[in-house]
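Trainee: Could we take one part of this model and go through it slowly? I would like a close look at how its elements are arranged.

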Amino acid sequence: MAHYDKLVFIDLETTGPNPLFDRITEVGIVEVSDGKTSHWSTLVNPEMPIPAFIQALTGISNSMVENAPTFPQIAKALLERLEGSLFIAHNARFDYGFLRNAFKDLGYSLRCDVLCTVKLSRKLFPEEAKHNLDTLIARHQLQPSGRHRALADAEVLWQLWSKLQESVPAQTFTHTLNLLLQRPSMPSNLPHDCLDDIPDTPGVYLFYGENELPLYVGKSIHLRQRVMSHFNADHRLYKDMRISHQIHRLEWRETAGEIGALLLEAQLIKELQPIHNRVLRRQRELCAWQLRPGANGHLQPVLTYASEQDFGGAPGLYGLFSSRRKAEDMLRGLAETHQLCLATLGLENRIKADKPCFAYQLHRCLGACIGQEPAHLHQARLEAALHKLKIRTWPYGGAIGLIEEGSDRRKDIHVVHNWCYLGTVRTKREVNALLKKAPNRPAFDADTYKILVKAVEKQILQTIELSNTGVSLAA
């Protein structure tokens, strides 16, 4: 393990979970340096009311912090305590993120290597299901002086560290710490601290090359972890190595959950056309088979394109396909499997109308081409063969909102119409503004359709029906 002048076991109490809006109410530190241990703690006036449920959880009331110092008043002394230390906390991204944000607001920069005791416990004891602090206290027979107060919880972390050093073989303990503290090999064109602010929340990340060329768009429910995986020193994936050499800038956009991340990723890839996102790029020839009445009055497959009609509302569509060739290959495969007639399907030209198709001569067609199989039976078998490819018709009278809530109480409204993603907003006013500027027929996208069908039909998210004049809860 790298040498650190001091270990700092730290815990914060806050007014809530979001470092952008909530504030610190208490700081507790156990500092270990040169074999000596010291304790330090202070209440902090957050300059905002503490929610009632937070007061009940921590025991810290508004009256207790009324005369406490504000964060700007303790910032310099606290920063001196943390500099040069190994920052050790439970769910460390939470505590470190709060402090980084608070220091940043004051023009200070926090630079510490960070160790999370949740991750440490998971690595050392992978067979255990739970690693929250109460579970670790019971598992390792720790002796807390209290709970949900900053110094008491910091003291528990120091006890846990000491217990692990006694019970875990030294080589195993050191090896695990080295793994957890290993930093990714940063691309030469990125600043060394550019990963420090990335949250470990759901969202989308974007890599840009020279002259702001879009390189790659990705998504994850754990943004920080996923972005760092691109820069592992061994570069297991050739694509990651190429990106690492080309990247000049990165950015990220948080979402409430996975559905929002999937929708935003698909949208940004179509808009930006990043050079390393080939799978989800726009499918310019998006097409589907549509069953339409033929000359004999029975339904026949006709290839239609998303540019010609609204795939979200059109009936009798089967697909989706990125090209005519793929659509015809699929239909030929179904014809062979189900002994359908290629001539009747319009995939084979016959010299004479009364002659059987080639597949009939090979006993691969039941004779619809020469009237041996009734047309209505051939049509029924065709519809049965196509059933799994049926495109769902939009089940609502207009646009809907899919409400996705995050663990940090963030609430996103994904606005959707005819299986087309119009955007994500946070308020009713933004919903109405988005609907008013939406195009009459948004571009239909196969990837977005697949995401939304799963979300809507499996009722993964709460659904509300929308209109241009307001928002009302769906029945």
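Mentor: What follows starts with a pair of helices and then turns to strands. The model is a predicted one. Two packed helices are described by the angle between their axes and the distance between the axes. Helix 5 (residues 117-124) and helix 8 (residues 170-181) have axes that come within 10 Å and cross at roughly 130°. Helix 5 is therefore oblique to helix 8. The crossing of helix 5 past helix 8 is right-handed. On the side of helix 5, the contact is made by K119, L120, K123 and L124, and helix 8 contributes T172, F173, T176, L177 and L180. Sorted by class, this contact of helix 5 with helix 8 holds five nonpolar, two polar and two charged residues.

The strands come next. Strand 2 (residues 24-33) is mostly covered, with nine of its ten residues buried. Strand 1 (residues 6-14) runs antiparallel to strand 2, and eight bridges join them. Strand 3 (residues 36-43) is likewise antiparallel to strand 2 and is joined to it by eight bridges. V32 of strand 2 stands opposite L7 and also opposite T37 in strand 3. Two residues lie between the strands in the hairpin of strand 2 and strand 3, where D34 takes a positive phi near 55°.

G423 counts as buried because its relative accessibility is 9%, under the 20% cut-off. Leaving out residues up to four places away in sequence, G423 touches I413, H414, V415 and L434. G401 is 22 residues from G423 in sequence, and their C-alpha atoms are 9.8 Å apart.

Note on methods. Residues numbered from 1 in each chain as written. Predicted model: local features only at pLDDT ≥ 70, side-chain atom pairs only at ≥ 80, totals over all residues. Heavy atoms only, no water. Axes fitted to C-alpha atoms, helices over the stretch in contact; angles between N-to-C directions. Helix = DSSP H or I, 4+ residues; strand = E, 2+ residues; numbered from the N terminus. Parallel < 35°, antiparallel > 145°, perpendicular 65-115°, else oblique. Left-handed = near helix turned anticlockwise from the far one by under 90°. Contact = heavy atoms within 4.5 Å. Nonpolar A, V, L, I, M, F, W, Y, C, P; charged D, E, K, R; others polar. Buried < 20%, exposed > 50% of the residue type's maximum accessible area, 1.4 Å probe, protein only. Pairing = 2+ DSSP bridges.
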